Protein chains: 2
Amino acid sequence: MENNSQTKLSTGSISKAIERGMVFSDKCPSREIFKHVTNKWGLLALVALLGGTLRYSDLRRKLQGVSEKMLSQTLQTLEQDGFIIRTAYPVIPPHVEYSLSEMGKEIAIRMETLVDWIEINLPNIMKYKSKIQ
Amino acid sequence: MENNSQTKLSTGSISKAIERGMVFSDKCPSREIFKHVTNKWGLLALVALLGGTLRYSDLRRKLQGVSEKMLSQTLQTLEQDGFIIRTAYPVIPPHVEYSLSEMGKEIAIRMETLVDWIEINLPNIMKYKSKIQ
DNA sequence: TTTGATACTAACTTTTTTGTATGTACTTGT
DNA sequence: ACAAGTACATACAAAAAAGTTAGTATCAAA
């Protein structure tokens with residue numbers, strides 16, 4: 001009764017050794033990581049940090065509409081995943097900087113690719129949607 | 001009181017004409033599209049269909065754990081976005097096929113890139129997470 | 001002395017997403 | 001007669017995500 005049948009898709013873009021399909025199974029931890037980087041604030045934080053180090057308050061201003069709670073939460077999960085590096089300077093008032101790790105950069109540029117594609121194609125998508133109502 | 005200040009990130013990967021930042025503003029419709037393709041079942045449907053046309057019942061089997069409601073819903077939103085093409089044959093019992101449109105293929109391969117990266121790097125990510133607890 | 005800036009946390013509520021259970025329509029097989 | 005397979009829809013419930021509000025600590029400036 002296990003659900004780990006892995007149909008081979010053979011799209012050729014992943015090494016044969018992995019044979020994707022883990023992602024098709026429910027409890028695969030990659031889904032969690034995927035969620036962390038694709039959710040609204042996670043995505044924006046990663047893309048924002050592609051432009052370089054920012055401190056907490058910078059991110060608050062940049063990610064318009066983010067609450068302090070959501071920003072903290074987002075940064076913490078991405079830090080725990082190893083995508084974001086947090087550097088706290090022990091001064092008063094507090095000074096905390098956030099930047100992308102190497103892994104963070106790698107995933108962020110892939111996210112950016114997706115976002116760019118959507119932004120560029122948005123007019124076509126919207127046009128299509130309006131046509132079919 | 002409008003929130004459309006667009007800080008230029010100059011990551012160089014999007015055409016200057018667009019100057020990203022729309023995605024940073026809350027009501028940007030690209031966020032909706034993004035959600036449709038990055039949510040659990042949307043992602044899996046797109047990647048599954050990269051392997052070729054599938055009918056409803058095939059997708060049900062492939063996307064293990066998906067309910068009929070969630071599958072219908074997912075396929076409908078992706079169809080409305082213009083990523084998936086639905087072809088119904090007027091026979092009994094019903095026969096409906098789903099495939100990717102050209103736009104669907106373009107976005108699906110980008111999604112696949114992301115998923116592949118995560119799957120390949122998952123061991124490192126997990127190792128990192130276990131180290132920092 | 002009150003306010004403001006910094007970077008948060010904690011409790012709680014609202015909203016959104018996801019899932020479950022059931023129903024529909026039509027035909028073939030038993 | 002009745003279950004099975006097909007591709008859905010609809011009402012409802014559960015779970016998860018997101019947002020709100022208030023509070024913490026410390027110092028400096030007004």
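Chain B superposes on chain A by a rotation of 180 degrees with 0.0 Å of shift along its axis, and the RMSD is 0.0 Å. The same surface serves both: 100% of the contact residues of chain B recur in chain A, contact meaning heavy atoms within 4.5 Å. Of the residues of chain B, Thr38(B) comes closest to the axis, its C-alpha lying at 3.2 Å.

The model is predicted: local features need pLDDT of at least 70, side-chain atom pairs count only at pLDDT 80 or more, and totals for chains, interfaces and linings use all residues. Side-chain values use heavy atoms, without hydrogens and water; residues are numbered from 1 along each chain as its sequence is written, while chains are lettered from A and ligands numbered from 1 in the order in which they are written.

Now turn to DNA strand D. It is surrounded by 20 residues, each with a heavy atom within 4 Å of the strand. The closest are Trp41(A), Lys69(A), Glu68(B), Arg86(B) and Tyr98(B).

Individual atom pairs show both kinds of approach. A polar side-chain atom of Lys69(A) lies 2.4 Å from a base oxygen. Tyr98(B) places a polar side-chain atom 2.4 Å from a phosphate oxygen.

Definitions and conventions
Polar contact = N/O pair within 3.5 Å; in protein donor to acceptor, adjacent residues only side chain to side chain. Least-squares fit on C-alpha atoms with pLDDT ≥ 70 in both.
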